[in-house]
Amino acid sequence: IPEAGHKYYLQFSTEDYRTGENAGNCLATVLYPKKKSPPVVSIKCSLSKDQKEIQEEDDRLYQRIRHQTKPITGNNIPDSYGNIAPALEPLWALAVAGSSSIMWEKSTETLGYFLAQVKSVKQWMRKDDFIEFDYTVLLHEIPTQEIISCHMRLTWLPGHPLQVKHFCASESQEVQEGSGAESGSAAGPSAEKGANF
Amino acid sequence: HQVLRVVPESDEELQKVQELQGLEHLQLDFWLAPRGLGFPVDIRVPFRSLQPVKAHLGASGVSYSIMIEDVQALVDEEQMEMLRSSRQLPLTTDSFNYEAYHTLDEIYNFMDMLVAENPNLVSKLEIGRSTENRPLYVLKFSTGGTKRPAVWLDTGIHSREWVTQASGVWFAKKIVDDHANNEGVASILETMDIFLEIVTNPDGFAFTQSTNRLWRKTRSRHAGSICVGVDPNRNWDAAFGEAGASANPCSETYHGPYANSEPEVKSIVDFVKSHGNIKAFVSIHSYSQLLLYPYGYTQTPAPDAEELHAISTKAVAALSSLYGTNYQYGSIITTIYRTSGGSIDWTYNQGIKYSFTFELRDTGRYGFLLPANQILPTAQETWLALKVIMEHARDNMD
């Protein structure tokens, strides 16, 4: 759009990360303004999964993690050979959700990301009902091909948006705060975060 | 020892089985303990307890089946298998495990075995040495002739893309099998040779195994930087150093101090030039599920873009036909992003019309860390696409 920037029109479908089932369709526009600033996004999704089912899955995931008596830790998920131990799958799933928040903030019109690996994860035991994890995740950056190491702190309670704080090695020394409220609510309309594993 | 299976169908039967649990002197080992009616109970029974156990069950009419006749035999067999398949070298290319990732030594050993088993078809060429002095091996598949028109395939130029080296190993075996069964590429081998470099970047590959699984580049050191490595797919003499590569030695897309500075690249350049009769050149990468043709360094379409696009359509259709895997295709610059100093841009400009790059599975879920159980399907589907390209090259030689 002359003088304004580049506008993209997107139509896409989503799928459940765990099962691969179709989870709904979305229509979005993304406007990258001429002068550098975050893009303007408008998005509308019709999600096919039932809210109650999402809540139940969230609760199950939450209970599984709460049931552990010792703080959960893990390294190299997946490992070099692509394996993920079944016990570590929930941690990977949470990392996928949390790192998507990092990617949301870091991506630009010309820079994109994938989660390459969870280098380490450690659970922080809390006195309240929230579960909390400290992650080091490796992001694969396109087209530079760089591997970016990010420190990520996730906090979650079913029914609440996934809280993500991150700090990536390539950035300046500030902690990036992302509350994930706009897209992380398990009870909200765009329920990909924290659910649908 | 035998392993017996009982499926109690009544409370009486269940009780009889549970009684066995209390008879400690029998030294029974319940692999599956009694759970309830209809659930199997598996019991490992030492030899001397077999008779009493069978009698106890038989007396009450409880039927059982022998799941394992001889536990020791199975254990012995497994021991042998483990000795053979784990870190010990397999004895033949038939016992090689194509569904697992292998070390550099295992792959080099595989090559030697393949040559030894098929001396009239396969030979191993050393086209150079890497920065760390590892041999750069290319397998030549030929049924004769002198410098026949040839197809070049390379895998593993970026070391972290493990599914590519693993697929390369499978391709090698597939070529040999097709030839032996007079099917598939056997017809291509009648008039063409196939060259396959499985570990195009052995230093990088060794580094992914010993130190950093996500290492991409070579392991060269160049003056003036503490950073190591050059991106071997930005080091070719095609728009070298222009936009689409980095001049920063610490970058993953560092093009190097000058074109062909990397022995891994120079050795292929020298080989291709001296051979002079290569008709198709395919570089294999992962991930993204793409089939790409030149150019990466310019928006100007390659003169043969239409033909290459048509071949790609056919190749991708063949690939998808096996497992439904979705691929996109087009020129590098329009499909992914601008790159300079790339291999197929150079080979295309050398006159090798059928120059293609693949990006294999997946699309980012596992990325470089593709689970080993996807090696076989990936190699199989990719092979179908490669055959389309090879056949087209064979049928369109001038």
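Me: How many of the nine residues of strand β9 (residues 278-286) of chain B are buried?

Reply: Eight of them, so β9(B) is largely enclosed by the rest of the structure. Keep in mind that this is a predicted model. Buried here means under 20% relative accessible area.

Me: Okay, and which strands pair with β9(B)?

Reply: General idea to begin with: strands of a sheet pair through backbone hydrogen bonds, either parallel or antiparallel. Here, strand β7 (residues 150-155) of chain B pairs with β9(B) in the parallel sense, over six bridges. β12(B) also runs parallel to β9(B), and seven bridges join the two.

Me: What does the antiparallel sort look like, and where do I find it?

Reply: Hop over to chain A. An open sheet of three strands sits there in the order β1-β2-β3, with antiparallel pairing. β1 (5-15) and β3 (40-47) of chain A stand at the edges with a single partner strand each, so one side of each has no neighbour in the sheet. From one strand to the next, the twist averages 10 degrees. Strand β2 (residues 22-33) of chain A and β3(A) share eight bridges, and A:L27 has A:K44 in β3(A) as its bridge partner.

Me: Now helices. What should helix α9 (residues 305-323) of chain B span, going by its residues?

Reply: Count 1.5 Å a residue: the 19 residues of α9(B) should span 27 Å, and the end C-alpha atoms are 28 Å apart, which agrees. Just after the helix, B:G324 takes a positive phi of about 80 degrees.

Me: Which residues of α9(B) are buried, and which exposed ones does the face turned away carry?

Reply: Among the buried ones are B:L308, B:I311, B:A315 and B:L319. Looking down the axis of α9(B), you'd see the buried residues fall within an arc of 160 degrees, so they line one face of the helix. The face turned away from that buried side carries the exposed residues B:E306, B:K314 and B:S321.

Me: What do the buried residues of α9(B) pack against?

Reply: Several elements of chain B: the strands β10 (290-293), β11 (328-331) and β12 (354-360), plus the helices α11 (343-349) and α12 (375-395).

Me: Where does UniProt place a domain in chain B?

Reply: An unreviewed UniProt entry puts "domain: Peptidase M14" at residues 100-393 of chain B. That span is 38% helix and 17% strand, and its end C-alpha atoms lie 32 Å apart.

Conventions. Residues numbered from 1 in each chain as written. Chains lettered and ligands numbered in written order. Predicted model: local features only at pLDDT ≥ 70, side-chain atom pairs only at ≥ 80, totals over all residues. Heavy atoms only, no water. UniProt positions renumbered as here; feature names shortened; annotations may be inferred. Helix = DSSP H or I, 4+ residues; strand = E, 2+ residues; numbered from the N terminus. Pairing = 2+ DSSP bridges. Axes fitted to C-alpha atoms, helices over the stretch in contact; angles between N-to-C directions. Expected span 1.5 Å × (residues − 1). Buried < 20%, exposed > 50% of the residue type's maximum accessible area, 1.4 Å probe, protein only. Arc of directions from axis to C-beta. Contact = heavy atoms within 4.5 Å.
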